[in-house]
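The two exercises below ask the reader to look inside a structure and then at the way two of its parts pack together. Please work through each task before reading its solution.

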Amino acid sequence: MFDKLKSLDDLFAEQLKDLYSAETQLVKALPDMASEARDARLRQGFETHLQETINQVSRLEQIGRGLNLDLTGHTCKAMQGLVAEGKETISEDATDEVKDAALIAAAQRVEHYEISGYGTAAHYAERLGHTEAASLLRQTLQEEQLTDTKLNDLAKSYINQRAM
């Protein structure tokens, strides 16, 4: 775990390590979600988001280098739980249509966690005067929000209807 948090700088570093762990876990989990998706648009969405996530890991590494901060050595337990739930979803005995709806639900839980984390980290970066880090974090925040919107649109436009 972390040493005692004494400042917003310490908390910001902790948040960055948590996000880095979360994203690296997601890079490993997204291919399984993509391969289980039966709807072509959903599968493509997962594949696209995998590439975005790889870029997001690179952005976090860039921030870490800029702040002389090692982002490794921490495990995001929240993402571990979300990934475990995603694996349970994958292993469910369900129709293709229901499984796609369940995959979207699991993915949106992940996106909401990431949106919260990136929004908080971006605010800390701004408050601490880390302008470049704030910009990179806001870029990722926008990607996560867009991914959530796309998942929501797929669910509402036809996937949930097919699962009925």
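A cavity is a set of grid points where a 1.4 Å probe fits but cannot get out, and its lining residues have an atom within 4 Å of such a point. The model examined here is a predicted one.

**Exercise 1.** Find how many cavities of 30 Å³ or more the whole structure holds, and state which helix gives the most to the lining of the largest cavity.

*Solution.* Begin with the search of the whole structure, which finds two cavities of 30 Å³ or more. The largest cavity holds about 50 Å³ of space, and its lining consists of Ala29, Asp32, Met33, Val83, Gly86, Lys87 and Ile90. Helix 1 (8–36) and helix 3 (77–91) are the elements that each give two or more residues to this lining, and helix 3 gives the most, with four residues.

Turn next to the second largest cavity, with a volume of about 30 Å³, whose lining residues include Leu26, Met79, Ala106 and Val110. Here helix 3 again supplies the largest share, four residues, and by class the lining has eight nonpolar, one polar and no charged residues.

**Exercise 2.** Decide whether helix 2 runs roughly parallel or roughly antiparallel to helix 5.

*Solution.* First take the angle: helix 2 (residues 40–66) and helix 5 (residues 131–162) pack at about 170°, with their axes 10 Å apart. Angles over 145 degrees count as roughly antiparallel, and therefore helix 2 is roughly antiparallel to helix 5. Finally, the contact between helix 2 and helix 5 comprises ten nonpolar, six polar and six charged residues.

Conventions:
Residues numbered from 1 in each chain as written. Predicted model: local features only at pLDDT ≥ 70, side-chain atom pairs only at ≥ 80, totals over all residues. Heavy atoms only, no water. Axes fitted to C-alpha atoms, helices over the stretch in contact; angles between N-to-C directions. Parallel < 35°, antiparallel > 145°, perpendicular 65-115°, else oblique. Nonpolar A, V, L, I, M, F, W, Y, C, P; charged D, E, K, R; others polar. 1 Å grid on protein atoms, 1.4 Å probe; cavity = no way out; pocket = protein on both sides within 12 Å on 5 of 7 lines; lining within 4 Å. Points joined across faces, edges and corners; volume = space filled by probe spheres on them.
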